[in-house]
Amino acid sequence: MARSDPKTETKAAQPLRRPEPEVAPIRVVLADRHPVVISGLARIFSEDPRFHVVAVAADGERFVEAVDRMSFQVGIVGWLMPYLDGRGVLQALRDRAEAPRIVIYAEDPSPDVASRSEEHTSELQSRLHLVCRLLLEKK
């Protein structure tokens with residue numbers, strides 16, 4: 001059996017691979033009354049390339065102003081804030097079709113926090129369900 005010369009040997013054609021499209025990071029705005037919490041959250045999100053922190057707010061009014069001025073997909077909002085709390089943020093954004101998705105967190109372990117926010121979350125939950133379904137269909 002004759003050996004082929006490696007210099008003249010032809011290689012099998014390799015299929016062309018398209019480069020994976022780069023996914024833009026999720027644009028996030030953070031809102032909390034505690035500077036230390038904001039700093040920690042900003043550091044956590046900044047270290048993950050899937051996210052880009054575009055702004056921080058010390059209260060709910062400033063967060064709603066950010067919604068009016070900026071384009072972002074997700075807001076991480078503390079329940080207890082001065083001037084406009086998490087409940088107020090949900091109320092302010094409830095009827096906005098282009099509102100970002102909101103994640104509310106509470107330092108308050110009392111069960112009434114969830115019940116107070118429940119009336120404002122049903123519409124947001126249906127939006128989130130739709131967004132999740134659309135994201136899954138794209139994959």
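Does Pro-49 count as buried or exposed, that is, what does its relative accessibility make of it? At 72% relative accessibility, Pro-49 counts as exposed, and its place is in the loop that leads from helix 1 (35-46) to strand 2. The C-alpha atom of Pro-49 is separated by 9.0 Å from that of Ile-26, a residue 23 positions away along the chain. The model described here is a predicted one.

## Overall architecture

The secondary structure of the protein chain comes to four helices and four strands, and from the N terminus on these elements follow one another as β-α-β-α-β-α-β-α. Of the 139 residues of the chain, 28% count as buried, while the accessible surface comes to about 10,400 Å², with 56% of it belonging to carbon and sulfur atoms. Among the contacts with a sequence separation of 6 or more, 73% are accounted for by residues 24 or more positions apart.

## The sheet and its pairing

The four strands form an open sheet in the order 2-1-3-4, and the pairing is parallel. Strand 2 and strand 4 stand at the edges with a single partner strand each, so one side of each is left without a neighbour in the sheet. From one strand to the next, the twist averages 20 degrees.

Strand 1 (26-31) and strand 2 (51-57) run parallel and are joined by six bridges, with Val-29 standing opposite Ala-55 of strand 2. On the way to strand 3 (74-78), strand 1 pairs in the parallel sense over four bridges, and here Val-28 has Val-74 as its bridge partner. Strand 3 is in turn joined by five bridges to strand 4 (residues 101-105), again in parallel, and Gly-75 stands opposite Ile-102 in that strand. The chain passes from strand 3 through helix 3 to strand 4, and this β-α-β crossover is right-handed.

Because five of the five residues of strand 3 are buried, the strand is largely enclosed by the rest of the structure.

Helix 1 lies across strand 1, strand 2, strand 3 and strand 4, and runs at about 165 degrees to strand 2. Helix 2 likewise lies across strand 1, strand 2, strand 3 and strand 4, running at about 155 degrees to strand 1.

In soluble globular proteins, nonpolar side chains tend to be buried together. The largest nonpolar core of this model has 17 residues, of which Phe-63, Val-77, Val-89 and Leu-93 touch the most other members. Strand 1, strand 2, helix 2 (60-69) and helix 3 each supply at least two residues of this core, and helix 2 gives the most, with four residues.

When residues up to four places away in sequence are not counted, Val-89 touches Gly-60, Phe-63, Val-64, Val-77, Met-81 and Leu-84. A second, separate core consists of nine residues, and Leu-30, Ile-38, Val-53 and Ile-76 are among them.

## The loop between strand 3 and helix 3

Met-81 lies in the loop between strand 3 and helix 3 (86-93). With a relative accessibility of 9%, Met-81 falls under the 20% limit and therefore counts as buried. Leaving aside neighbours within four places in sequence, Met-81 is in contact with Ala-31, Asp-32, Arg-33, Asp-59, Gly-60, Gly-86 and Val-89. One of these residues, Asp-32, is 49 residues apart from Met-81 in sequence, yet the two are 6.3 Å apart in space, C-alpha to C-alpha.

Tyr-83 has its place in the loop between strand 3 and helix 3 as well, but at 66% relative accessibility this residue counts as exposed. Most residues other than glycine have a negative phi. The phi of Tyr-83, by contrast, is near 70 degrees, a positive value in a residue other than glycine.

How values were computed:
Residues are numbered from 1 along each chain as its sequence is written. This is a predicted model: local features need pLDDT of at least 70, side-chain atom pairs count only at pLDDT 80 or more; totals for chains, interfaces and linings use all residues. Side-chain values use heavy atoms; hydrogens and water are left out. Buried means under 20% relative accessible area, exposed over 50%, partly exposed in between (1.4 Å probe, protein chains only). Contact means heavy atoms within 4.5 Å. A nonpolar core is a set of buried Ala, Val, Leu, Ile, Met, Phe, Trp, Tyr and Cys residues joined through side-chain atoms within 4.5 Å. Two strands pair if DSSP finds at least two bridges between them. A crossover is right-handed if, with the strands pointing away from the viewer, the path from the first strand over the helix to the second runs clockwise. Accessible areas come from the Shrake-Rupley method with a 1.4 Å probe; for residues, only the protein chains shown count as cover. Axes are lines fitted to C-alpha atoms, for helices over the stretch in contact, and angles run from 0 to 180 degrees between N-to-C directions.
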